[in-house]
Amino acid sequence: MASHTARFSLAALWGWAALCVGFACRAQEAGSQDPLQMQHARAEWLKEKHDRVYYTKVFDLSGLPNYHPSRRLSGTIRQAGSNYLADSNLAKYLEDGFRKHHPRVKFEDDFKSTFIGMAALYMDRADLAAMGRKASWEETQAFQRVFDSRPVEIIMATGSLDVPGWTWALVPLIHADNPLTKLDLAQLDGIFGAQRDGGWNGNEWDPKRARGAEKNLRTWGQLGLTGEWADKPIHVYGYNLNYHFPRDFADKVMGGGSKWTESLHEFSNAAGDGKKLISAGDLLVKALAADRYGITYTSVKYMTRGTKTVPLAGSARGPYVMPTLETVQDRSYPLAREVYYYSAQRPGQPMDPLVKEYLSFVLSREGQEAVQRDGKYLPLTPELAREQQLKLDGAGVAATGSE
């Protein structure tokens, strides 16, 4: 596989992102290296990031259940994980809302990064792990070694349409000249994936998710294009496979498989002029705009005049849906993403009643109104909220690994 950028360690990558995308770039653009001005720029950047409401649309949440506490609880809930709960008002809105019903409950929050969430759980430093992505196989295996069980996994919100960092929807992009009018997930699998012996269904290997090489799609003609396009190879651009975007894409598109097309061109964040960060999304879309026969997946926020997206369907039966705020929130867009809470529970033991009660609040109408008020993630649909509540209600079964 070809790589179009230099390789960086993950630590350097995230360090650069924090430095260049945030307050440091502002101070640099202002021509200042003064420590006090740098500190002031950082404070301004953090406040803007924290308070900004990206989405003001009010979704109808009347189908969600109102929260009715069975009894008044007390105690402390320790949370760790995603910094995006601290980089916004969401944690405050949720915690304040819960304390209206349970005023003696306290919260101890350590929201530094999704990467610390699961570790905090199995090291008994948190009761809840907030994660902006699904827990990885490695994280879940480490948890299972400690607890002899799987973590309780609850989807607490739908990701954004296009807010940077807030688990944005995955969107296929093609060149603006491309006459293709629609795509489905099986076609994306054929384009981005390769023949495989199975795929991951959660943390279980499933041979039923295998597919053969005959389903590989390597020319535009195989997608129904004619004329000059019929024999042109599909040039595939994507994120370096160390990112979590490829795993989310593979889970939703490739049956949890990890075999990508042999022609994948990989991109990573890189340093541009003046050492400012250039995101991988910008880089791969720039490459796509210069290649009529290319395709990629990223956020719709990276789409440029030289690129476009097309309606996407879960299967060839349709419906084919464009990525909009409404279709991501109502989950009709197939590549909407999820935000998670994870909790620990030992086999045969009841779930911590305080943690369980808080998660029920998060899934309620009041909890999802807090998500909507914050204006970055999107509130759950009634159907998805009910599915998550059923998981909570049967958490003892989930903890044993039984079906």
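## Close-up views of a predicted model

**Figure 1. Asp374 lies in helix α12, which covers residues 365–374.** The model is predicted, so local features are kept only at a pLDDT of at least 70 and side-chain atom pairs only at pLDDT 80 or more, while totals for chains, interfaces and linings use all residues. Residues are numbered from 1 along each chain as its sequence is written, and side-chain values use heavy atoms, with hydrogens and water left out. Helices (H or I, at least four residues) and strands (E, at least two) are DSSP runs, counted from the N terminus. Asp374 has a relative accessible area of 2%, so it is buried; the cut-offs are under 20% for buried and over 50% for exposed, with partly exposed in between, using a 1.4 Å probe and protein chains only. The side chains of Asp374 and Lys376 make a polar contact of 3.4 Å. That label needs N or O atoms within 3.5 Å; within protein, one has to be able to donate a hydrogen and the other to accept it, and sequence-adjacent residues count only if both atoms are side-chain atoms. Skip the neighbours within four places in sequence, and Asp374 is in contact (heavy atoms within 4.5 Å) with Arg52, Val53, Ser88, Asn89, Leu90 and Tyr93.

**Figure 2. The largest nonpolar core has 104 residues.** Such a core is a set of buried Ala, Val, Leu, Ile, Met, Phe, Trp, Tyr and Cys residues joined through side-chain atoms within 4.5 Å. Leu188, Trp220, Phe249, Ile295 and Tyr358 have the most contacts inside the core, and helix α11 (residues 353–363) gives its largest share, 7 residues. Zoom in on Leu188 and, beyond four places in sequence, you find Pro172, Leu183, Gly193, Phe249, Val253, Ile295, Leu312 and Leu335 touching it.

**Figure 3. Helix α11 is largely enclosed by the rest of the structure, because 9 of its 11 residues are buried.** Among the buried ones in α11 are Leu354, Glu357, Tyr358, Ser360 and Phe361. Asp352 caps the N-terminal end of α11, with a side-chain oxygen 2.9 Å from the backbone nitrogen of Leu354.

**Figure 4. Strand β4 (residues 128–131) is covered on both faces.** In a regular strand, side chains alternate between the two faces of the sheet. Here Leu128 and Ala130 sit on one side, Ala129 and Met131 on the other, and all are buried. Strands pair if DSSP finds at least two bridges between them. Strand β2 (residues 74–81) runs parallel to β4 and is joined to it by 3 bridges, with Ala80 opposite Ala129. Strand β17 (residues 338–343) is antiparallel to β4 over 4 bridges, and there Tyr341 stands opposite Ala130.

**Figure 5. Phe192 and Phe249 form an edge-to-face aromatic pair, one of 27 aromatic pairs in the whole structure.** Rings of Phe, Tyr and Trp (its six-membered ring) pair if their centres lie within 6.5 Å; planes under 30 degrees apart are stacked, over 60 edge-to-face and the rest tilted. For Phe192 and Phe249, the numbers are 5.0 Å centre to centre and 65° between the planes. Phe192 is in helix α7 (residues 185–192) and Phe249 in helix α8, so the pair ties together parts that are 57 residues apart in sequence. Another edge-to-face pair is Trp220 with Trp229, at 6.3 Å and 85°; Trp220 has 0% relative accessibility and counts as buried, as does Trp229 at 5%. Phe192 and Phe249 also belong to one aromatic cluster, whose members include Trp168, Tyr239, Trp260 and Tyr302.

**Figure 6. Gly255 sits in the loop between α8 (245–253) and β11 (265–267).** Gly255 counts as buried at 19% relative accessibility. Gly199 is 56 residues away in sequence but 5.4 Å away in space, C-alpha to C-alpha. Besides Gly199, Gly255 touches Arg196, Trp200, Arg209 and Ala250, leaving out residues up to four places away in sequence.

**Figure 7. Some backbone angles to check by eye.** Most residues other than glycine have a negative phi, and most peptide bonds are trans. Asp148, in the loop between α6 (137–147) and β5 (152–158), has a positive phi near 55° and is exposed at 58% relative accessibility. Thr167, in the loop between β5 and β6 (171–175), has a positive phi near 50° but is buried at 6%. The peptide bond from Gly318 to Pro319 is cis, with omega near 0°; Pro319 is in the loop between β16 (312–313) and α10 (325–329).
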